[in-house]
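Let's take a friendly look at how two protein chains can meet. Have the sequence and the 3D view ready as you read.

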Amino acid sequence: MPSLSGSTPLSRPPEIETILTTLSRYNPETTTVLQEYVVTQCASGSYDLMANLALLKLYQFNPELMRDETVLNILAKSLTVFPEPDFTLALHLLPASLLHQYSSAASTPNSTIPLPPAADTDDQLSNSVHRLTYLNSLLELAAFPSFWRILSSDVDEEYADLVADVTGFEDAIRRGITKSITLSMRSLRVETALSWWNFTNKEAVEQWVEEEMPGWVIEGDSIVSKDEGDAITAATSTVQPATGKIKFEQFSRVIRRVYENELLHH
Amino acid sequence: MDTEQVAYDYDDFIQKTGDYDFEDDEPLATDLIDHEGFDEEQLLQQQQLFQRQIQIQQQQAAAQLPDAVRNFILYFHHCMKENNVYDLHGCYENSFNRLTEKFYKNTPWPDPHGVVAPLVNNDQPFVTLYTELYYRHLYAKLQPNLEDRFASYDNYCIWFNYIFDSSSPPELELPTNWAWDIIDEFIYQFNSFALYRSRTVRKSHNDEEIQQLREHPQTWSTYTVLNVLYSFIQKSRMNEQLEAIKEGRDPDEVAGEDGSRPLYKTFGYFSIIGLLRVHTLLGDFTLALKTMEGIDLSKKSKYARVAGAQFTTYYYVGFCYMMMRRYADAIKAFSHILLYISRTKGFHNRSAQYDSVTKRSEQMYALLAICVALCPTRLDDSIHTTLREKNGEQLARMQRGGEESLPVFEELFSFSCPKFMSHGPPDYDNPANNVDPLQHHLKVFMMDVKRTMLTPTLRSYLKLYSTMNIEKLATFLEMDPEELRSGLVVFKQKSRQVRWTEGSLLDGEVVNVSDLDISLEGDLINISEAKIGRKFGDWFLRNTAKYYAVQDTILNKNPEKQEEKEHKDKRRERREKNAEKKGNK
């Protein structure tokens with residue numbers, strides 16, 4: 001579900017709308033209402049960017065009211081709408097100290113995929129934010145197999161814990177991945193699809209394609225799009241013709257000049 | 001200092017903004033004399049002595065006042081009393097700057113309370129306005145210390161209280177650019193104070209100052225600033241008025257009694273832009289753009305004539321778009337205002353704000369370079385040329401991608417971003433814990449940039465082919481094919497952005513902004529490129545006009561040049577003759 005930042009989601013209750021459109025968005029007491037709304041979003045699968053950012057702003061103004069759990073849930077929720085920039089926007093509103101020690105680990109040679117963040121800091125919240133930021137990086141880089149691997153890692157179960165509150169997290173991520181696939185591809189080998197969606201067998205892929213991807217079918221060992229509309233081939237290379245139309249007014253200077261010249265020379 | 005009017009937590013804030021009724025609050029005057037522990041006689045004597053001393057001081061100061069300045073102050077006061085907006089504008093725009101250049105280039109103007117107040121019989125509103133100018137000059141040309149900062153804050157409180165006095169709203173009408181400058185300066189001083197405070201806590205060992213800062217958390221607090229801006233907007237019902245204008249109705253219908261006054265209208269409108277700025281400084285880019293939703297940038301309102309406001313608006317709007325990854329919109333905003341600046345260059349040379357305009361435009365060119373590197377777009381020719389002049393080398397490095405481009409991004413970003421600040425007071429006890437907000441925002445921004453490092457290399461390869469096998473491309477790039485597949489997905493995603501078409505600033509639709517489009521079929525990459533034919537018509541016309549101008553110069557349209565030319569010709573003839581003679585010998 002796209003979250004074009006300005007639009008109002010249908011799921012937003014009226015009291016939240018009031019908070020966001022009046023000065024009560026600065027009232028520290030509203031944090032309780034907005035926090036509960038985050039819990040609702042996590043449970044029901046809805047998503048409201050503006051409300052979440054408003055809550056983060058309240059935390060900015062009243063640091064003593066900040067609840068770690070809520071912050072982490074907001075971040076986890078914004079992962080589900082990737083590739084929208086929501087996660088980044090949330091990061092901007094967090095206290096600067098949380099990210100201060102995050103280092104985007106240098107990737108191994110010949111690989112664009114970064115390594116997980118280095119040693120832990122003393123602050124539990126910082127560590128969690130670092131982990132979520134790393135997950136976001138993987139999603140942004142479309143490094144989906146790595147994403148699933150880290151998420152289900154036995155070595156560091158923290159990752160799974162961080163997103164546990166968000167119901168339907170995995171499916172939401174899969175939908176995001178589906179969007180990326182339909183955007184950029186017309187066919188994809190089932191083998192790759194398995195690792196991208198974190199499915200274990202071909203039946204799961206078939207079911208997913210059937211339910212979530214209208215216009216796509218399984219053909220042999222690939223999933224294929226049957227929709228001709230988006231086909232990009234060499235034929236779709238366009239050369240916009242040079243605009244041959246020039247408005248007459250643009251000639252006015254030249255014509256006036258020529259006219260003056262004529263007058264002078266007679 | 002007693003600053004009860006000021007809102008320093010939410011309760012105060014909502015109370016002040018809610019009913020903007022400042023009647024009940026005490027004025028901000030500081031007592032000069034401590035009344036405790038004195039008996040009547042002594043007190044009287046003390047007072048008299050003190051008054052006499054002040055009088056002597058004033059006389060001395062007044063005697064040193066140059067005549068031109070004294071006359072200016074009196075005339076200025078006169079204009080204000082007469083509510084003569086036109087002359088007031090002249091005073092403000094021209095005379096003040098001229099006198100500053102002449103007498104007060106590096107020193108402060110005469111002290112508001114000691115010298116100017118007695119000249120105008122302590123007319124409080126005028127003194128407050130004058131004090132505002134006094135401090136603005138001080139901040140601009142000299143280094144304000146902590147005391148100055150506290151004092152200028154108090155002055156603003158007095159001024160805003162005066163305006164918000166609903167029992168007798170001032171009949172005053174200020175020229176629009178002065179009103180804008182007041183709001184602009186107010187936020188600038190707020191920003192400057194926050195930076196000064198964090199610098200003091202982090203670096204200086206001036207314990208006394210730190211103590212003072214600790215004791216006055218409400219001075220220059222974010223709540224106060226927001227309070228002022230929101231109050232203006234509410235009092236003038238600016239958002240309702242803007243909505244009415246959009247729907248074609250008469251704004252005065254919804255304006256209410258206060259909203260129809262030109263003073264409130266002007267301040268209300270500019271406060272919206274002020275909020276845009278404050279929210280951006282605090283890192284809330286979406287809210288910043290949302291606050292502007294009433295304003296239609298494509299319409300030319302009468303406020304659009306205030307150049308300073310236009311520059312600020314477009315700079316911050318462009319910056320917010322950039323931080324939201326809407327690079328196409330950011331480029332449009334920057335190009336628009338840069339074109340405007342280059343076309344009105346003649347005007348600004350004479351204005352006192354020439355330096356700040358130049359700095360702003362340099363910053364916008366830097367941001368434009370960043371956006372173009374992240375989202376290659378065709379720019380308007382003149383902008384493109386200037387951009388290449390100013391940031392050509394940096395642009396080239398950014399466009400090449402890879403590790404070497406990252407420091408350039410960081411450098412340009414740090415140079416041109418707003419002076420980010422954190423909301424509340426710093427951690428006085430553990431100064432090391434205070435992280436510079438600029439570093440924070442820079443870091444988050446760079447995380448985005450790092451993810452697009454592969455794109456330029458990809459582009460260069462993809463442009464060469466119409467189809468390509470993933471394995472083959474992976475060999476070229478020395479990458480793992482599966483990772484390349486992910487890279488291509490990212491490439492495709494980056495070419496899709498939200499672009500504004502109509503409605504409020506946050507609206508938009510997802511469009512393809514790249515001239516290169518790809519589609520993967522299994523292991524095969526299909527590439528399509530959209531080439532735009534060159535528009536030669538416009539180019540030819542422009543050059544024809546230029547040619548005529550050159551022709552004019554050569555022919556006798558320009559008599560001085562003609563003389564010079566004749567002179568040169570004669571000299572050349574003589575030289576040639578001499579050379580001939582020598583040759584013949």
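This is a predicted model: local features need pLDDT of at least 70, side-chain atom pairs count only at pLDDT 80 or more; totals for chains, interfaces and linings use all residues.

Start with the overall meeting of the chains: 72 residues of chain A are in contact with 74 residues of chain B. Between them, an area of about 6,500 Å² is buried, and carbon and sulfur atoms give 60% of it.

Charged and polar groups take part as well. There are five salt bridges between chain B and chain A. In one of them, B:Arg325 pairs with A:Glu140, and their closest N and O atoms are 3.0 Å apart. On the side of chain B that touches chain A, you will find 29 nonpolar, 21 polar and 24 charged residues.

Now find strand S1 of chain A, residues 185-189. Four of the five residues in S1(A) are buried.

| Partner of S1(A) | Residues | Direction | Bridges |
|---|---|---|---|
| S4(B) | 516-521 | parallel | two |
| S3(A) | 222-225 | antiparallel | three |

Let's zoom in on single residues. A:Met185 has B:Leu520 as its bridge partner in S4(B). Which residue in S4(B) does A:Ser187 stand opposite? That residue is B:Glu521. A:Ser187 also stands opposite A:Val224, which lies in S3(A).

Notes:
Residues are numbered from 1 along each chain as its sequence is written. Chains are lettered from A and ligands numbered from 1 in the order in which they are written. Side-chain values use heavy atoms; hydrogens and water are left out. Contact means heavy atoms within 4.5 Å. Buried area is the accessible area (1.4 Å probe) that two parts lose on being put together, summed over both. A salt bridge is a side-chain nitrogen of Lys or Arg within 4 Å of a carboxyl oxygen of Asp or Glu. Ala, Val, Leu, Ile, Met, Phe, Trp, Tyr, Cys and Pro count as nonpolar, Asp, Glu, Lys and Arg as charged, and the others, Gly among them, as polar. Two strands pair if DSSP finds at least two bridges between them. Buried means under 20% relative accessible area, exposed over 50%, partly exposed in between (1.4 Å probe, protein chains only).
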